[in-house]
Amino acid sequence: MKSIPVSTTINGDPYEFLCAPDETLLDVLRNRLSLTGAKEGCGTGDCGACSVTLNGRLVCSCLVLGAEAQGAEISTIEGMADGDELHPLQRHFIDHAALQCGICTPGILVAAKSLLEKNPAPTDEEVRYWLAGNLCRCTGYDKIIAAVQAAAAEMRGA
Amino acid sequence: MSLDEYTRREFKQVGTRVRRPDGVDKVTGRAMYGADATAPGMLTGRILRSPHAHARIRSIATSAAEALPGVKAVITSADLSVPEDEFIRDVQDNCMARGKALYDGHAVAAVAATDAATARAALKLIKVDYEPLPHVTDVDVAIRPGAPVVQEGRALENVPAGMSANVTSHSEFGHGTPAEGFARADKIIERSFRTAATHQGYIEPHACLASYAADGKADLWCCTQGQFFVRTLCSAIMGMEASQLRVTASEIGGGFGGKTTVFIEPVALALSRKAGRPVKIVMTRDEVFRATGPTVSTSMDIKIGMTSDGRITAGEAHLRYSGGAFPCGTVDMGGQAAFAAYDLEHVRTFGWNVLTNRPKEAAYRAPGAPQAIYAVESVIDELCQHFGLDPIDVRLKNAAKKGTKSSYGPTFPDIGLVATLEAAKKHPHYSAPLKDGQGRGISCGFWFNFGGNSCVSLNVNTDGTIGVTEGNPDIGGSRASISLMAAEELGIPYDRVRTIVADTSSLGYNDVTDGSRVTFAVGLATIKAARAAIRLMCERAAKIWGIDAEAVEWKDGAAVPAGPNAGKFPPMSLAEIAAVSFETGGPIAGHHEVNVDGAGVSFGVHIVDVEVDKETGATKVLRYTVFQDAGKAVHPSYVEGQMQGGAVQGIGWALNEEYIYGADGRLQNPGFLDYRVPVASDLPMIDTVILEIPNPGHPYGVRGVGETGIVPPLAALSNAVSRSAGIRLCELPMSPPRVLKALTGAG
Amino acid sequence: MVKVRLWGSLRQAADGKTEVEVEARNFKELLDRLAATYPGLEPQIRRGVSLSLDGVIYREAWFTEIRPDAEVVLMPYMTGG
């Protein structure tokens with residue numbers, strides 16, 4: 001299979017890469033661009049560990065082809081902090097002990113950020129339904145919900 | 001190991017909710033997990049798996065695969081040694097089938113190629129000549145004489161003659177004469193239960209990177225709960241000396257017991273040896289479900305007698321567990337745990353392990369206990385319903401306490417069950433009103449907890465900071481807890497301590513991160529290592545002051561003269577002593593190596609409210625509270641996290657999770673879409689109540705908390721469903737179709 | 001002499017008894033004497049056992065001292081998750 005040249009923007013930076021037609025965006029990020037923050041938990045869009053945004057839309061990067069990144073704006077966990085300044089969600093996840101093993105954390109943070117951009121004041125139930133596509137096996141979600149709400153409150157200036 | 005370790009003290013840092021040291025790495029994507037490592041010249045390894053539940057492997061033709069450009073190595077079981085040790089041989093045979101494929105998904109061959117596409121293409125070129133054999137995946141079928149035999153000749157000497165060759169072990173525990181107790185009961189209830197095999201469901205699939213050099217030295221990077229045990233297994237399988245294999249544990253994306261053994265690591269090492277290049281293997285989720293450790297599947301008969309005022313007169317359990325295609329001792333732990341919460345005059349449990357054509361069982365949080373205790377707690381609840389008695393009062397009336405001869409033999413020392421039950425009883429959750437159609441269930445849980453081999457080195461840096469080196473992968477915040485204990489003992493701020501997890505060449509042997517052991521046992525070793533460093537620092541201060549070392553003591557992070565007779569010197573802080581360490585005798589460090597016992601058994605009580613939708617059969621969890629004794633909660637947030645996480649895994653087990661096998665013996669739901677673990681929208685907040693009854697076996701009173709939390713949810717949910725829907729299910733999971741069927745049957 | 005309680009299924013290997021007495025000052029001696037006196041127990045001891053001493057469970061610890069009046073219970077070797 002002939003490789004496809006792709007030009008894209010990731011976390012505001014220009015990237016160019018070659019990928020196979022059947023290669024997923026997740027594999028491109030991890031294996032070609034060394035952006036290993038997105039994780040593969042299932043490869044079938046069931047666990048959300050590979051969550052990124054593509055042109056502002058939350059997607060499972062394991063269900064997107066690398067070639068679809070052509071001309072797109074992609075955001076990954078690597079772009080969430082501003083230099084050494086953590087995003088409020090990242091800070092509150094640490095402060096609320098919202099991670100144990102941490103493998104689902106990048107995907108959950110990307111998904112939660114996407115939620116708060118659309119809905120700055122979600123109810124607990126809205127957070128739970130928005131994050132229903134992100135599996136966490138360690139925490140029982142309790143502290144994740146609390147951390148998202150604490151970050152949301154801070155970002156609202158509450 | 002003396003068991004009067006505990007001394008009462010006021011803690012300054014232990015018990016606070018500090019930020020974990022690996023937090024930033026894990027919220028920024030910087031943390032390196034199993035699949036995140038690369039090496040120059042790295043090849044991609046992939047594994048060919050049996051499509052048959054049970055088949056003789058007549059031959060494996062690999063030449064076409066080997067001839068494919070880009071393929072650098074192909075291996076089968078012929079490329080691995082045959083270890084003498086039976087346990088290790090089973091581990092190896094599970095990694096790569098020898099002679100027979102024993103379950104759907106059993107590895108039969110593997111390739112290493114320059115990229116994943118080539119590796120996948122090569123797998124298709126491997127020709128395996130299978131002779132399919134009759135298979136059996138159900139424990140009740142497999143135990144019958146005449147059932148297809150999974151492996152011949154595996155029965156231990158304790159199996160009675162005349163049983164199916166699939167029965168590999170038998171155990172019996174208990175005391176008294178149950179028949180006498182049953183004769184005194186006002187009501188006896190006998191029920192049969194079944195529980196499905198469930199998977200630990202860690203989100204990170206198994207992954208490793210092996211590099212075997214031509215001089216016989218090898219490095220292995222992998223996600224594991226125990227790098228030292230990985231070294232033990234892999235060096236035996238590869239025929240290597242332990243010193244030649246260095247295993248580094250990556251950050252680990254969940255384990256829950258499932259990463260206490262090896263699956264792909266020896267395969268990657270063998271491929272690397274043959275190819276002469278580093279080989280990385282990452283499992284797919286499908287492979288994780290089909291070929292790594294689920295729990296045992298079970299079938300159980302329980303008989304309990306009770307007087308009308310709620311006294312249990314006798315209990316008996318027959319437990320049939322299947323740990324898949326290999327012998328497994330988990331039923332022994334189920335048999336010991338089944339009635340452990342109760343003070344019984346007459347109790348007996350009988351256990352059998354039965355081979356089936358399923359993947360080899362791997363440990364999962366309190367292995368063996370959730371199933372047996374689910375069955376026992378369900379029958380006790382039904383007896384409470386029969387007599388109209390309060391379920392907590394009945395449990396209090398029968399609760400095991402100090403002096404109780406436990407159902408597994410020993411007489412209990414001080415234990416915390418009564419305090420835990422009383423905390424549950426007086427909690428607002430227990431008396432909160434329920435609406436029509438809602439039901440409340442409770443259950444007790446029990447687990448043994450373990451200690452084990454632990455090594456800690458603690459280095460005092462010249463700037464007054466501390467490096468702690470320990471050997472247990474941090475699966476839920478243990479580096480924070482260990483740093484806290486080191487800081488507490490040394491009397492310095494938490495953020496001056498950095499704890500790292502060492503590879504196998506950097507430290508002595510550490511047991512696996514399992515058995516709820518790390519905060520307890522590694523914490524104990526850390527405290528002792530700190531004390532060793534403190535002794536040295538006191539010696540250095542004594543030299544500087546020109547007094548006897550015995551005349552110096554350690555207080556609030558500094559050496560001080562011990563009493564007025566020692567002389568008058570201002571306190572010398574850790575940083576001040578460290579700064580002149582080169583001049584006073586050299587670098588200062590403390591270390592401690594020990595095999596810790598005295599973990600102390602653990603009890604928990606859970607309360608859950610549910611509502612069963614009678615049209616769909618779906619169960620909604622409305623409210624949940626966990627009560628558990630932590631001895632001393634070193635980092636309360638992560639103690640709560642263990643309790644919440646265990647509870648939710650138990651909720652999944654109770655309501656949805658199961659391995660479903662077809663008539664063809666193949667696993668039908670090897671993915672998260674069809675094997676449904678709880679998602680955020682399924683759940684309420686999980687409230688926690690931490691009790692702190694100091695454990696006499698630990699200097700700070702710490703008790704492990706990792707496993708007990710998964711034990712009570714199974715029965716708590718079942719008991720709640722019975723009170724919500726008026727139906728008593730005796731099979732897990734209580735999935736919507738099963739509940740609907742029971743509702744329809746109940747008319 | 002130390003009294004050792006065995007679990008039920010070991011009865012057949014110990015002349016039908018679930019409590020036996022051996023001369024031992026520590027776990028190592030206890031296991032050695034048990035295996036010597038009741039050869040049927042030897043396979044299980046070799047596979048691994050835990051011992052409970054006055055209610056506290058030990059998994060190895062050969063040299064743990066046993067007083068003659070101590071409660072000693074033999075248990076299977078156990079592991080966690």
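Two exercises on the interfaces of a predicted model follow, each with a worked solution.

The model is predicted, with local features needing pLDDT of at least 70 and side-chain atom pairs counting only at pLDDT 80 or more, while totals for chains, interfaces and linings use all residues. Residues are numbered from 1 along each chain as its sequence is written, chains are lettered from A in the order in which they are written, and side-chain values use heavy atoms, without hydrogens and water.

**Exercise 1.** Determine how many residues of domain 1 and domain 3 of chain B are in contact, and how much area these domains bury.

*Solution.*
1. Domain 1 of chain B comprises 23-31 + 451-596, and domain 3 comprises 423-445 + 601-747; the bounds come from an automatic or database domain assignment.
2. In contact (heavy atoms within 4.5 Å) are 16 residues of domain 1 and 14 residues of domain 3 of chain B.
3. The two domains of chain B bury about 1200 Å² between them, 66% of it on carbon and sulfur atoms; this is the accessible area (1.4 Å probe) lost on being put together, summed over both parts.

**Exercise 2.** Describe the contact of chain C with chain B by residues, buried area and salt bridges.

*Solution.*
1. Chain C contributes 26 residues and chain B 38 residues.
2. About 2400 Å² is buried between chain C and chain B, 54% of it on carbon and sulfur atoms.
3. Between chain C and chain B the count is 2 salt bridges (a side-chain nitrogen of Lys or Arg within 4 Å of a carboxyl oxygen of Asp or Glu).
4. B:Glu157 forms a salt bridge with C:Arg47, with the closest N and O atoms 2.9 Å apart.
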